[in-house]
Amino acid sequence: MEQANETVQKKNLFSAIQPSGSITLGNYVGALRNFVLLHEQYNCLFCVADLHALTLRQDPAALRRNSASLIALYLACGLDPEKNIIYCQSHVPEHTELAWILNCFTYMGELSRMTQFKDKSQKHADNINAGLFTYPVLMAADILLYQTHVVPVGADQKQHLEICRDIAGRFNGIYGDVFTIPEGYISKTTARIMSLTDPTRKMSKSDAEDSYVAILDAPDVIRRKFKRAVTDSDAEIRYDPENKPGVSNLLSILSAVKGTTPQEEAQALAGQGYGALKEATAQAVIDTLSPIQARYQELIKDKEYINRVLQEGAEKAHAIAFRTLRKVYKKIGLYQV
Ligand code: TRP
């Protein structure tokens, strides 16, 4: 009984990653790694945002592969499907159904101000589709369907969370308290990992391959990428993100995977060359990723298990989403039988 009470009081947490391209070391350190223990505090949903991926043209076989791969990665990083709802966005029809409704409560003006839309339409000028424009509305539906209290978001998604809050507030203002208004969740222990080739920018899977380490990169690839990482010409190992972004990023990565601080690592390496820093960082990253890669290789072979996780996840997600959508339909006056 006590246990049941505890479950009721837990807040809801929603997170999603798009199954496009490789998941990076930045995603791991900044997000995935911290997801494992969240279920103790929250009812967690971890979603593969395959519908969002369609806003850029996808090769069907690659999209299918990447979706299964992302599920295997979630599991390989230690997410327990018994304790979390792990599922694929397209398996739960309520996402697109609620997105349509929310489209009617979102203004063209607010969507036009989204910096990601502006960036992506510049990058993909030949395919500025309506989905790219309404992307934040689908994201709002993802979040609001589950009465989400907290959403772990990086800086690049903050504006999307803001518009989600605006849409929810607008809807609640008209129809009463239908949606929980979500808050952003910033983990205190999260290190911000920057690009290896331009350490003033965040490490991103949509940039050139040499700029990021993918979770599934082989050890020799990881070594090569760190060898080529940008540093500077003054040859002193010191943590100073403002003046020494490259060296500081390597120290951040090294300390993030070792669970130390960048300052401690700088001290330990003081007097040595950048080669030693790069080698130490590469080795520490390899040591961290190897067990995950081994688990991943096992999981990705077991399609039956992955499918079972997905099926059960979709059922659990649907049960919650269905309730919210019914309530919305009722409130706005869609005739229900
Ligand atoms: N747009 C997010 C990204 O690209 C992925 C995403 C989709 C998401 N739906 C979400 C993130 C809901 C948080 C909540 O990173």
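Modeller: Helices (H or I, at least four residues) and strands (E, at least two) are DSSP runs, numbered from the N terminus. This is a predicted model, in which local features need pLDDT of at least 70 and side-chain atom pairs count only at pLDDT 80 or more, while totals for chains, interfaces and linings use all residues. Residues are numbered from 1 along each chain as its sequence is written, and side-chain values use heavy atoms, with hydrogens and water left out.

Biologist: How many helices and strands are there in the protein?

Modeller: The protein has 14 helices and five strands. Its C-alpha trace spans about 75 × 45 × 40 Å along the principal axes.

Biologist: Which residues are around the ligand?

Modeller: A residue is near a molecule if one of its heavy atoms lies within 4 Å of it. Here that picks out F14, A16, Q18, A49, H52, Y135, M139, D142, I143, V151 and Q157. β1 (11–17) and α8 (130–145) each supply at least two residues of this shell, and α8 gives the largest share, four residues.

Biologist: How do the residues of the shell divide into nonpolar, polar and charged?

Modeller: Ala, Val, Leu, Ile, Met, Phe, Trp, Tyr, Cys and Pro count as nonpolar, Asp, Glu, Lys and Arg as charged, and the others, Gly among them, as polar. On that scheme the shell has seven nonpolar residues, three polar and one charged.

Biologist: Which side chains have an N or O atom 2.6 Å or 2.7 Å from a nitrogen atom of the ligand?

Modeller: A polar contact is a pair of N or O atoms within 3.5 Å. The side chain of Y135 has an N or O atom 2.6 Å from a ligand nitrogen, and for D142 the distance to a ligand nitrogen is 2.7 Å. An oxygen atom of the ligand lies 3.1 Å from a side-chain N or O atom of Q18. By the Shrake-Rupley method with a 1.4 Å probe, the protein covers 88% of the 360 Å² of accessible area that the ligand has on its own.

Biologist: How many disulfides does a search of the whole structure find?

Modeller: A disulfide is a covalent bond between the sulfur atoms of two cysteines. The cut-off is a pair of cysteine sulfur atoms within 2.5 Å, and the search finds zero.

Terms used: Polar contact = N/O pair within 3.5 Å; in protein donor to acceptor, adjacent residues only side chain to side chain.
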